[in-house]
Every structure is written in C-alpha cells, then in structure tokens.
Amino acid sequence: ETSKTQVWQTMPEGSSTIRLAVPLTAGEHAIRAAVLAPMSEQDYKNNEIVYKTYVAPKLPDVVVKGIAYAYEAATQTVEINVTAANRGGITAKTDIMVFIGDNFTGIAHLNLQAGEEANHSFKGGSVTGKKKITAKAENAEDANYANNQLTIEANFCSKAKERSVEVIRSK
C-alpha cells in the first residue's frame, strides 16, 4: 500500500479549499483530509474526513458479489441467485457458472457494461446435506481474476417443511 502525504503549515490567505492533483492507479483508494488547528478545541473528531473512491481499470473486472439461495425442503430443490458486477472500464462478455458441491448446476451468458451489476437465478435439482455453492465468472480478459469466484456453505435439510433463505455478500 502506497501512502503520500502533503502538509501545509498554513492555509493560503483567504482560502478554504486546497486543490490536489494526485495520480491514482486502478483499484480502491482512501483519501484522508485532516485539519490540525494551532489552538485548543472542544472537539477534534470533526477535523478529519476519509473519502473512499474506486478507479476502474481499462479492462473488464467481473466480480461475483453475492450468492443467495432459497431451499424448498418439501421438494428438496434449491434456487440460487448470483449477483455479478463489472467494475472495469469496458463491457465484459462473461459466463457465470454455478456448482453445488462438484455438480454443475447452470451457466448464464451475460454482457455487463462498465459499472453494471446483474442478478441471475439458477434452479438446482434434488439436494440434501451440507454442500458448497460456488459461482464462477469467466471471461477472456479480466483485470483481476482473484475476485471472479465466490463460495459459500449451505446446509440443505429435508426434515423441515419450511422455506429457508440466506444471503451472503462479498466485501
């Protein structure tokens, strides 16, 4: 993590704004601004602000953001909803694939514009017990392949006659 600090001893005369030109690379950034007063204050907590920003890469960056599922115990079937987003700078043609355990459940072909987020539902067959649900995004070019997959654990119990819903989101 790179940190750059620029400090002024005093504000320019008659000014309440200081403009900075800071070159940012693709990715997440936190910009911190702090005012240090030369005199005693009652509340120092309001002298600082952190602004978080994201700079999109030039390539697509498909992220599997979340997996939600609804299990119908009476029929032992599951519906899986996957949320995927393109955090990159250009359109991404991507395939979203879902697996329950080692079993392939389905595939969706998506065209995600830069900044677009989409949800897609998959129907799973008969399933019981503790299983992993995995959603994978595959596309030819991606700025960051590390965020293209998300796995959660689910416990599918056929004893209850009720519907369970769980939502898991990535950070």
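# Briefing: strands, salt bridges and a surface patch

E48 counts as partly exposed, at 43% relative accessibility. Here buried means under 20% relative accessible area, exposed means over 50%, and partly exposed lies in between (1.4 Å probe, protein chains only). This is a predicted model, in which local features need pLDDT of at least 70 and side-chain atom pairs count only at pLDDT 80 or more, while totals for chains, interfaces and linings use all residues. Residues are numbered from 1 along each chain as its sequence is written, and side-chain values use heavy atoms, with hydrogens and water left out.

**Salt bridges**

- The whole structure holds five salt bridges. The term stands for a side-chain nitrogen of Lys or Arg within 4 Å of a carboxyl oxygen of Asp or Glu.
- One of them joins E48 to R32, with the closest N and O atoms 2.9 Å apart. E48 lies in strand β2 and R32 in strand β1, so this pair ties together parts that are 16 residues apart in sequence. Strands are DSSP runs (E, at least two residues), numbered from the N terminus. R32 is exposed, at a relative accessible area of 56%.
- Another links the side chains of E28 and R87, at 3.2 Å from N to O. E28 sits in strand β1 (residues 27-34) and R87 in the loop between β4 (77-86) and β5, so the pair ties together parts that are 59 residues apart in sequence. E28 is exposed, with a relative accessible area of 62%. R87 counts as partly exposed, at 27% relative accessibility.
- K65 forms a salt bridge with E117, and their closest N and O atoms are 2.8 Å apart. K65 belongs to strand β3 (residues 62-72) and E117 to strand β7 (residues 117-124), so parts that are 52 residues apart in sequence are tied together. K65 is partly exposed at 29% relative accessibility. E117 is partly exposed too, at 44%.

**The four-stranded sheet**

- Four strands make an open sheet in the order β6-β5-β8-β9, with antiparallel pairing. β6 and β9 (149-156) stand at the edges with a single partner strand each, so one side of each has no neighbour in the sheet. From one strand to the next, the twist averages 15 degrees. Angles run from 0 to 180 degrees between N-to-C directions, and axes are lines fitted to C-alpha atoms.
- Strands β5 (residues 92-100) and β6 (residues 103-112) run antiparallel and are joined by nine bridges. Two strands pair if DSSP finds at least two bridges between them.
- I96 stands opposite A108 in β6.
- β5 and β6 form a hairpin with two residues between them. G101, in the turn, has a positive phi of about 65 degrees.
- β5 also pairs with β8 in the antiparallel sense, over six bridges. D95 stands opposite E138 in β8.

**Two residues of β8**

- I133 is found in strand β8. I133 is buried, with a relative accessible area of 0%.
- Leaving aside neighbours within four places in sequence, I133 has contacts that include I67, Y69, I80, V98, F99, L150 and F156. Contact means heavy atoms within 4.5 Å.
- F99 is 34 residues from I133 in sequence, yet their C-alpha atoms are 5.7 Å apart.
- E138 also lies in β8 (residues 129-138). E138 is partly exposed, at a relative accessible area of 46%.
- Beyond neighbours within four places in sequence, E138 touches K93, T94, D95 and M97.
- E138 and N148 are ten residues apart along the chain, and 7.2 Å separates their C-alpha atoms.

**A nonpolar surface patch**

- V22, L24, I31 and Y51 form a nonpolar patch on the surface. Together they have about 370 Å² of accessible area. Such areas come from the Shrake-Rupley method with a 1.4 Å probe, and for residues only the protein chains shown count as cover.
- Patch residues have over 30% relative accessible area and no salt bridge. Nonpolar side chains (Val, Leu, Ile, Met, Phe, Trp, Tyr) are joined within 5 Å, and like charges within 9 Å.
- Y51 is placed in strand β2 (residues 48-55). Y51 counts as exposed, at 51% relative accessibility.
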